[in-house]
Amino acid sequence: MSENILKINVGASIEPSLTLVQQAMEKLVVGEEPTPYFDVGFKDAKQMLSVFTEKRWDLLATLRANGPSSIAELARLVNRDYKNVHTDVERLMEWLAIEKNDKGKVFTPYGEIIVDVHLPKINAA
């Protein structure tokens, strides 16, 4: 079984994602199972870095290394205040990077996160 991959697009056109959605729908119509694809997008790097801060990347890495944990356990593992970790976990859940299991523990369902940054187009002189 392959691991899930989260793709973070920064400054990209929505067209490639729409194509993937169309392909998935076509597979469903003929009774085939579409390939899972998890994608979030940001208008620019500033917006992406406001969500995926250094401390939040640390939370993701810690969850990946240690598996599902309570927020209190996670706060102890990263040696941070519970309230701040709780806020960070909620924010990462909004952007699909963290989920809760049926026991209420948080985890990251991804083995890989790919960040694809598109620089602004050059304006013609």
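**Exercise 1.** Is the crossing of H4 and H5 left-handed or right-handed? Describe how these two helices pack.

*Solution.* The model is a predicted one.
- Step 1. H4 and H5 form a right-handed crossing.
- Step 2. Their axes cross at roughly 110° and come within 9 Å. Angles of 65 to 115 degrees count as roughly perpendicular, so H4 is roughly perpendicular to H5.
- Step 3. On the H4 side, the contact involves Ile71, Ala72, Leu74, Ala75 and Val78. H5 contributes Tyr82, Val85, His86 and Val89.
- Step 4. Sorted by class, the contact of H4 with H5 has 8 nonpolar residues, 1 polar and no charged.

**Exercise 2.** Find which residues of H4 are buried, and state what they pack against.

*Solution.*
- Step 1. Helix H4 covers residues 71-78, and its buried residues are Ile71, Leu74 and Ala75.
- Step 2. Viewed down the axis of H4, the buried residues lie within an arc of 100°, so they line one face of the helix. An α-helix has 3.6 residues a turn, so residues three or four places apart point the same way.
- Step 3. The buried residues of H4 pack against H3, H5 and strand E4 (106-107).
- Step 4. Just after H4 comes Asn79, with a positive phi of about 55°.

**Exercise 3.** Describe the packing of H3 with H5 and class the residues in contact.

*Solution.*
- Step 1. H3 (residues 54-66) packs on H5 (residues 82-94) at about 80°, and the axes are 10 Å apart. H3 is therefore roughly perpendicular to H5.
- Step 2. From H3, Lys55, Arg56, Leu59 and Leu60 meet Val85, Asp88, Val89, Arg91 and Leu92 of H5.
- Step 3. The contact of H3 with H5 comprises 5 nonpolar and 4 charged residues, with no polar ones.

Definitions and conventions: Residues are numbered from 1 along each chain as its sequence is written. This is a predicted model: local features need pLDDT of at least 70, side-chain atom pairs count only at pLDDT 80 or more; totals for chains, interfaces and linings use all residues. Side-chain values use heavy atoms; hydrogens and water are left out. Axes are lines fitted to C-alpha atoms, for helices over the stretch in contact, and angles run from 0 to 180 degrees between N-to-C directions. Helices (H or I, at least four residues) and strands (E, at least two) are DSSP runs, numbered from the N terminus. Angles under 35 degrees count as roughly parallel, over 145 as roughly antiparallel, 65 to 115 as roughly perpendicular and the rest as oblique. Contact means heavy atoms within 4.5 Å. Ala, Val, Leu, Ile, Met, Phe, Trp, Tyr, Cys and Pro count as nonpolar, Asp, Glu, Lys and Arg as charged, and the others, Gly among them, as polar. Buried means under 20% relative accessible area, exposed over 50%, partly exposed in between (1.4 Å probe, protein chains only). The arc is that of the directions from the helix axis to the C-beta atoms. A crossing is left-handed if the near helix is turned anticlockwise from the far one by less than a right angle, and right-handed if clockwise.
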